[in-house]
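These are my notes for a colleague who is opening this entry for the first time. Please keep the sequence and the structure in view while reading the numbered points.

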Amino acid sequence: MDFADVLRRRQMARSYTDEPVSDEALTRILKVVRRAPSAGFSQGHRLVVVTDPKLRQQAGDIAEGRYVEMGFPPWISTAPVHIYLCTREQSYHDRYGVAEPVRPGYTEIPWPVPFWWFDCGALFMLLHLAALNEQLATGYFSSVYTDELEALGQVVGLPDDLFLAGVITIGHGDESRPLPVPDNVVPRMSNDEIIEWRV
Ligand SMILES: Cc1cc2nc3c(=O)[nH]c(=O)nc-3n(C[C@H](O)[C@H](O)[C@H](O)COP(=O)(O)O)c2cc1C
């Protein structure tokens, strides 16, 4: 697909048909992992890919009740593919801790920007666009509640050194039914509100 078309189609999907995602498409989407940037080339991002219906349902049980109450279909459990987007923070400490090992008194930087989360966002966008390029739809579920994220992590048995950023849902978007527009949706800001120039 033309890149401008991919960008035009970019939005989060909260409704999927029951058509499966082909193995070939999923393999192509996952290939972008090796194209992902990472701070200091720390490569701390980690993914868990779930197609098992039982595990998808368990994730839905944790997360989707409030959407169904709003009138959405059960979009988390019905998305045929879940990608658990994780980061291994220790990879960044390891990488930057040894960056200048010979300087006396070297202490690790205070991390004004936690690069591990930044890199997760960058990888998310690559996967999102790669899925759109396959004519698929993508959503994202995360939570401001630690216990919800921990419960999701337990669904896939995340090892202790990984932190879960959220779950990417991928499937064929179902545009056959109108979806609710929640009351608290704010209008999209204009470029002028977001971008400042210094010329
Ligand atoms: C870090 C992050 C967390 C998000 N968490 C959720 C979520 O838990 N549930 C959800 O439905 N959408 C979630 N979204 C999607 C946003 O709601 C969505 O990007 C925003 O409303 C703009 O819509 P659009 O991406 O379709 O243009 C999340 C997006 C980001 C970047």
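1. Once its neighbours within four places in sequence are set aside, A131 is in contact with I29, L136, T138 and I170. The residue belongs to helix α7, which covers residues 115–133, and this should be read with the caution due to a predicted model. A131 counts as buried because 26 other C-beta atoms lie within 10 Å, where the cut-off for a buried residue is 20 or more. A131 and G171 are 40 residues apart in sequence, yet their C-alpha atoms are 8.6 Å apart in space.

2. Strand β3, made up of residues 137–141, is largely enclosed by the rest of the structure, because four of its five residues are buried. Its partner is strand β4, residues 163–171, to which β3 is joined by five bridges in an antiparallel arrangement. Within this pairing, F141 has V167 of β4 as its bridge partner.

3. Which residues of the largest nonpolar core touch the most other members? They are I83, Y84, L85 and L127, in a core that has 40 residues. Two or more residues are given to this core by each of α2 (23–30), α3 (53–63), α5 (75–78), β2 (81–87), α7, β3, α8 (146–156) and β4. The largest share, nine residues, comes from α7.

4. L85 deserves a separate look: leaving aside its neighbours within four places in sequence, L85 is in contact with L47, C120, L123, F124, A165, G166 and I168.

5. Taken along the principal axes, the C-alpha atoms fill a box of roughly 65 × 50 × 35 Å. Of the 199 residues in the protein, 31% are buried. Among the contacts with a separation of 6 or more, 83% are between residues 24 or more positions apart.

Note on methods: Residues are numbered from 1 along each chain as its sequence is written. This is a predicted model: local features need pLDDT of at least 70, side-chain atom pairs count only at pLDDT 80 or more; totals for chains, interfaces and linings use all residues. A residue is buried if 20 or more other C-beta atoms lie within 10 Å of its own, exposed if 12 or fewer, and partly exposed in between; C-beta atoms are placed from the backbone. Two strands pair if DSSP finds at least two bridges between them. Two residues are in contact if their C-beta atoms, placed from the backbone, lie within 7 Å. A nonpolar core is a set of buried Ala, Val, Leu, Ile, Met, Phe, Trp, Tyr and Cys residues joined through C-beta atoms within 7 Å.
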